[in-house]
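Welcome! Please take a moment to look over the sequence and the model before reading on.

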Amino acid sequence: MTGGGSGIGAAVLPAPCMDGAMTIVADLDEQAAARVARELPQGCVARSLDVSDAASVAALIEDVVQQYGSLEIAVNNAGIGGLQPALHETPFEAWQKILSVNLDGVFHCMQHELRVMARAEKAPS
């Protein structure tokens with residue numbers, strides 16, 4: 001679960017954890033993710049993740065597969081708020097950051113998640 005350290009991510013995390021799923025609470029704010037993970041049943045762990053960084057996403061996904069054997073479900077929930085000043089006063093860099101997290105972040109996550117899921121489907125049983 002990306003963006004699991006607060007907001008919607010933190011609110012929906014208890015459901016899979018209560019069902020016994022090994023769940024990674026991933027967030028840019030690792031301390032917030034750790035707080036959320038501590039409140040959940042055993043088997044839910046916190047990890048730091050910057051979804052706007054493709055290499056960081058790839059490393060986490062590969063580490064999860066190495067450590068736990070598979071990736072079966074992914075919830076790409078990380079996101080940042082919209083524009084603070086009016087649009088005509090917003091620096092382009094602020095706009096780029098929003099797109100980098102909210103759009104590119106989902107792309108990075110899905111690309112790497114689907115690669116591992118596709119490999120698992122092709123692997124002999």
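This report looks at salt bridges and then at pockets.

The model is predicted, so local features need pLDDT of at least 70 and side-chain atom pairs count only at pLDDT 80 or more, while totals for chains, interfaces and linings use all residues. Residues are numbered from 1 along each chain as its sequence is written, and side-chain values use heavy atoms, with hydrogens and water left out.

**Salt bridges**

You can find two salt bridges here, each a side-chain nitrogen of Lys or Arg within 4 Å of a carboxyl oxygen of Asp or Glu. In one, R47 pairs with D63, and the closest N and O atoms are 2.6 Å apart. This pair joins distant parts of the chain, 16 residues apart: R47 sits in strand β2 (residues 44-48) and D63 in helix α4 (residues 54-68). Helices (H or I, at least four residues) and strands (E, at least two) are DSSP runs, numbered from the N terminus.

R119 and E62 form a salt bridge too, at 3.2 Å from N to O. Here the partners are 57 residues apart, with R119 in helix α5 (residues 92-122) and E62 in helix α4.

How accessible are these residues? R47 is partly exposed at 24% relative accessibility, and D63 is partly exposed at 28%. R119 is partly exposed at 46%, as is E62 at 34%. Partly exposed lies between buried (under 20% relative accessible area) and exposed (over 50%), using a 1.4 Å probe and protein chains only.

**Pockets**

A pocket is an open set of points on a 1 Å grid over the protein atoms alone, where a 1.4 Å probe fits, with protein on both sides within 12 Å along at least five of seven lines; lining residues have an atom within 4 Å of a point. Its volume is the space filled by probe spheres set on the points, which are joined across faces, edges and corners.

| Pocket | Volume | Lining residues by class |
|---|---|---|
| Largest | about 550 Å³ | 18 nonpolar, three polar, two charged |

For the largest pocket, M22, T23, I24, L71 and I73 are the closest to the centre among 23 lining residues. Helix α4 gives the largest share of that lining, five residues.

For the second largest pocket, G3, D27, A78, G79 and I80 are the closest to the centre among 18 lining residues. There the largest share, three residues, comes from α1.

Key
Ala, Val, Leu, Ile, Met, Phe, Trp, Tyr, Cys and Pro count as nonpolar, Asp, Glu, Lys and Arg as charged, and the others, Gly among them, as polar.
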